[in-house]
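Hi there,

Here is the structure I promised to pass on to you. Have a look at it first, and then read on for what turned up.

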Amino acid sequence: MDSLVLLGLRIALLVVLWFFVLMALRAMRADLKVAGPASTSTVNAPQGLARAFNRSSAPRLLTVVEGPLAGSSIEVSEDMTVGRSPDCTFVVGDDYASGTHARIFKRGSEWFVEDLDSRNGTFVGGVRIDQPEQVAVGTDIRIGRTTVRLVP
């Protein structure tokens, strides 16, 4: 009887270990989908809208394209912070965004986005950035699960 109980416990332990291995593989697969190439992004602008943007024109608004506050926007200023904190210039209601997640600023006539050591990272055009990255009008900037875009 004792050997039967011991065999049952060994099998249960093996099942639990395999469960954790499969969950780890599932999490890694989800991370690969998130960091995939920008061409597979489902958040790209429609063709007519993309042509309507003149990439050299100055942006007037920072608009939420996808996320909890989709459709909301703010007028751009020379230096803006984006995050969950009420102290940010643009507050996003996203649990996956850090308190002060990213900074969008103007240097000369060009705009840049910088990740402020956020936990989930900042993505420009589907690529995670680790230093200030130049952005053009119409480029998608993903902060947590929120996607914002500079629009004219």
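In what sense do β10 and strand β11 pair, and over how many bridges? Please keep in mind that this is a predicted model. The pairing is antiparallel, and four bridges hold the count between β10 and β11 (residues 146-151). One of the places to look is I143, whose bridge partner in β11 is T146. Together, β10 and β11 make a hairpin, with two residues between them. In that turn you will find G144, which has a positive phi of about 65°.

Now follow β10 (residues 140-143) to another partner: strand β7 (residues 122-124) pairs with β10, again in the antiparallel sense, over three bridges. Here V124 has I141 as its bridge partner in β10.

Next, the rings. Searching the whole structure gives two aromatic pairs. F105 and F112 form an aromatic pair that is stacked, with 5.7 Å from centre to centre and 20° between the planes. Are these two residues buried or exposed? Both F105 and F112 are buried.

R103 has its charged end over the ring of F105, 4.0 Å from the ring's centre.

Enjoy exploring, and write back with any questions!

Best wishes

Key. Residues numbered from 1 in each chain as written. Predicted model: local features only at pLDDT ≥ 70, side-chain atom pairs only at ≥ 80, totals over all residues. Heavy atoms only, no water. Phe/Tyr/Trp six-rings, centres within 6.5 Å; stacked < 30°, edge-to-face > 60°. Buried < 20%, exposed > 50% of the residue type's maximum accessible area, 1.4 Å probe, protein only. Lys NZ or Arg CZ within 6 Å of the ring centre and 35° of its normal. Pairing = 2+ DSSP bridges.
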